[in-house]
Amino acid sequence: MNDTLKRIFDSDLWYSFKRHPLVIVAAILSLACILGAVFAPLLAPHNPFDLKTLNLLDAFTPPAWSASGKGQFLLGTDDQGRDVMSTIMYGSRVSLTVGICAVALSMVIGITLGLISGYVGGALDSFIMRVADVQLSFPAILIALLIDGVARVVIGKNGHDEVAIYVLIFAIAASGWVQYARTVRGSTLVERNKEYVQAARVIGRRPLAIMFSHVLPNVMGPVFVLATLHVGAAIITEATLSFLGVGVPPTQPSLGTLIRIGNDFLFSGEWWITVFPGIMLVILVLSINIIGDWLRDALNPKLR
Amino acid sequence: MLAFIIRRLLQSVLVMLTVGFIAFSLFNFVGDPVSLMLPPEATQADRDEVRKSLGLDQPFYVQFGTFLGNAVQGNFGISLRLGRPVSQLLAERLPATLELAMTAAVFGLLVGIPMGVYTALKRDKWTSKVLLTGSLVGVSLPNFLIGIFLILIFAVWLGWLPSFGRGETTAIGFWTTGFLTTEGLKAIILPAITLGFYPITLIMRLVRAEMLEVLRTDYIKFARARGLTNNAVHFGHALKNTLVPVITITGLQLGAIIAFAIITETVFQWPGMGLLFIQAVQFADIPVMAAYLCLIGFIFVVVNLVVDLLYFAVDPRLRVERSGSGGH
Amino acid sequence: MTTPLLEVRNLRVQFPTRRGLLTAVDDVSLTIAPGEVLGVVGESGAGKSLTGAAIIGLLEPPGRIASGEILLNGRRIDNLSAEEFRKIRGREIGAIFQDPLTSLNPLYTIGRQITETILTHLNVTPDEAKQRAIDLLNEVGIPAADKRIDHYPHQFSGGMRQRVVISLALAAQPKLIIADEPTTALDVSIQAQIITLLKKLCREHGTSVMLVTHDMGVIAETADRVAVMYAGRIAEIGPVAEVIHHPQHPYTVGLMGAIPNLGEEVERLTQIDGSMPRLNAIPTGCAFNPRCTRKGEVGARCTTERPSLMNAGKTQAACWLYSEGAATNTTNTPQSVAA
């Protein structure tokens, strides 16, 4: 354990990390966001979903520092008297869950398809790669919208709210697998003809499984960078879909849903309902992207 | 060159067939056109009747053929939500979306390219670092949030610019334009900035990365060794080589911009195709979804083709026949 | 001897890295007389290309000249401003790089690339520049130069492209050309043509050449004098025939022993054990000492004190064997070759 720590602190990555103050700030911020989201039930000043504690008289309270603000609602309240700060913490929970699950699923799909495509080759390979090409020329948001739209028709309006979050995760995952597949496929093509694969075949072991364990270390770096940046993008996609009203239902609001709700009150002057979730979303995505961007440069030997 | 174009054309047709197939599947399998067309109290006999009249008793490939035939003629049926022909709806809204997308694209190029060149040439200056970090903010700001913030500042607080709609439009034949009135011009500013924001950051980062790559090449080193001025090296040599790949991405971005217009149009209630589409998704209006998909696919394909042709104009390696004493 | 055209004094090129300062070129001094061809040989990483890059002022950051002076015609150039140095490049010092396939911008005709070089440095009209470009192409042996001038680089073969590159280097009549591995990327059959052409042109124009290569054959063919570099330092420098036939420095001796000679029957080629040290692990004393077979003849000095160039036979070698008062055996027949 001590050795591992030592290796981490001695690595080029750690050295580069120390030299980028912006990245350190981003790391601290994203860690704070994640912790705040995970422990929201413990940390949040109110439970916005406990209807008993809500009081409509508290509705539209501006932030605490303005003249008519109340100390207990630091960032003000929304139209139903829910504490904005608490809804933000619960909202980031949903946003982060969807984002991370979608990326994980996307990686599984992409890595599997890339491995199969590279290993099997032939018609299957060209088929998968053509699909990837076509899909890549459409923006992720459009594909996610289509999948969500289809799901709406298939499942029906009423059932949809219950499974909305899963549909959303699937829609975002399905729109982002291509890059993983391409990376893994390239590496698989290189490994396929190496001797250990042939040897594995000869001694009757499953070459695909063995390749997986060999290909994976090679693509870890790029896949990790892709995944980091993808989490940021997935959170944006989720927020956008929710904002467009086709994402998670209002009973389980994500940051995007909160912004959508607040948007209705923009013109009547209650800006805080939409601005604070918006700022939270930007901070979260920005810090993830700063880390991803730095990782990409730090792991790229060409730029070193 | 002709062979190349023919091959690209065939590829385009293949892509369109794929897109058409997805749209067709949406139409026929997801939407169940029969129940969409009949009242819920219809009898089985009624259903069979309609099924037959729609050709749904035909084999699958005949149905697909019929669908394609209709699609090529622009016939996508009737919108379930609005009860009007889909093609008519799309045609009405096409100008609004195209004007918005083009303005955003031009905006993205005009701002993105100089910023990319600057950050590549002065990579160690603090202004470059600020711009680069700023571009990360651009990537991290969701489109709709930029729109909301712009509305809050320029429409709600300052009251300078309108926050929704196209303003006053002028009809020129079938095309309605907002470019000819002050109101129309004012109305397009905020949406165009919103939509152009992402392309700016993307183009800037792309130009910067390509330019840095080109600046490392031997022919740039050799150009310096020949004593050419910095301006000649940077703008005569490096920039032209940089812009070749940038053309592709920007071209592809044009398609993406049109798709991203969905979000901007929703925020600004801009009466374009995107707004139509998002309403279709919310109301499960399958014919509109299918038609929009085909149209977007078509625009992508056309843009791709144009980009390929542009390549010929820029890169002599493709333009000139590969005969002569090429190779080594 | 008259004033040398180029004089490099105690040049040191360093790269700051996180593990410390790497010295890639260490205390290199050399001169090139007008019209002379100086060969610079060494393994990759020996610092020969960096020396060339430092002379034309094109060291890539973070590499920089840490100390030393470079004089052209007696005028110091290493401390010139970027703009002043630019005017020297092409006009007074030309350059030829390794790969003709990548040295030319693929998007412009060769004519445009030549005329822009001429117009940058010489006070001529565009028409004159074009005529001069055609003359140059004729001179480097490109057939139908008046038509080929409008062709793009990809329409030329590798050898033809290197001819274009040579014409570009000569376009503004520089007095010195730094040729960095000019033939390495070419087919063997074409290498000889290019070397012959380069030699002929430089003789006709009275141009000096610094020929950087790892190919002793090219050096033997072309150079008047040769400098052998090892780990950023000059190991031996002297007239080309002397260095080839009577090498003095143990490294040069080993290097010559490793070259196949078609003319003579040699039982087997020798090789130098080990490899050149990495820049971050250069041994103290003589950089070659861990691999040196004759270390025992001198003693501890090899590992503690760095030798500078000393007269050795008809060349100069950086080796303690030749310091005054050291072993008397300075006549030296390279025994390791025979072994």
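Which strands of chain C does helix α1 (residues 48–55) lie across, and at about what angle does it run to β1(C)? The legends below, which describe a predicted model, begin with that view.

**View 1. Helix α1 of chain C against strands β1, β2 and β4.** Helix α1, spanning residues 48–55 of chain C, lies across β1, β2 and β4 of that chain, and its direction is at about 110 degrees to β1(C). These strands belong to an open sheet of four strands in chain C, in which the order is β2-β1-β4-β5 and the pairing is antiparallel. The edges are taken by β2 (20–32) and β5 (75–76) of chain C, and because each has a single partner strand, one side of each is left without a neighbour in the sheet.

**View 2. The pairing of β1 with β4 in chain C.** Strand β1, residues 6–17 of chain C, and strand β4, residues 64–72 of chain C, are joined over seven bridges in the antiparallel sense. Within this pair, C:Arg9 has C:Glu69 of β4(C) as its bridge partner.

**View 3. The open sheet of eight strands in chain C.** Here the strands follow the order β6-β7-β8-β3-β9-β10-β12-β11 in chain C, and the pairing is mixed. At the edges are β6 (93–96) and β11 (310–312) of chain C, each of which pairs on one side only, while the twist from one strand to the next averages 20 degrees. Inside this order, strand β9 (residues 225–230) and strand β10 (residues 233–239) of chain C pair over six bridges in the antiparallel sense, and C:Pro239 in β10(C) is the bridge partner of C:Arg225.

**View 4. Helices α5 and α12 of chain B.** Chain B has 13 helices and two strands, and this view takes up two of the helices, α5 (residues 86–121) and α12 (residues 286–314), whose axes come within 10 Å and cross at roughly 55 degrees. That angle makes α5(B) oblique to α12(B), and the crossing is right-handed. On the α5(B) side the contact is made by B:Val86, B:Ser87, B:Leu89 and B:Leu90, and on the α12(B) side by B:Pro287, B:Val288, B:Ala291 and B:Leu295. Sorted by class, the contact of α5(B) with α12(B) has seven nonpolar residues, one polar residue and no charged residues.

**View 5. Helices α5 and α10 of chain B.** The axes of α5(B) and of helix α10 (residues 230–268) of chain B come within 10 Å and cross at roughly 145 degrees, in a crossing that is right-handed. Residues of α5(B), including B:Thr97, B:Leu100, B:Ala104 and B:Leu121, meet residues of α10(B), among them B:His234, B:Leu239, B:Thr250 and B:Ala261. The contact of α5(B) with α10(B) has twelve nonpolar, three polar and no charged residues. For chain B as a whole, 42% of the 328 residues count as buried, and residues 24 or more positions apart account for 71% of its contacts with a separation of 6 or more.

**View 6. The contact between chain A and chain B.** Chain A brings 37 residues to this contact and chain B brings 35 residues. On the side of chain A that touches chain B, at least two residues each are supplied by α7 (140–155), α11 (207–243), α12 (255–263) and α13 (272–299) of chain A, and α7(A) gives the most, with ten residues. The residues on that side of chain A divide into 25 nonpolar, nine polar and three charged.

Note on methods. Residues numbered from 1 in each chain as written. Chains lettered and ligands numbered in written order. Predicted model: local features only at pLDDT ≥ 70, side-chain atom pairs only at ≥ 80, totals over all residues. Axes fitted to C-alpha atoms, helices over the stretch in contact; angles between N-to-C directions. Parallel < 35°, antiparallel > 145°, perpendicular 65-115°, else oblique. Left-handed = near helix turned anticlockwise from the far one by under 90°. Contact = placed C-beta atoms within 7 Å. Nonpolar A, V, L, I, M, F, W, Y, C, P; charged D, E, K, R; others polar. Buried ≥ 20, exposed ≤ 12 C-beta atoms within 10 Å, placed from the backbone. Pairing = 2+ DSSP bridges.
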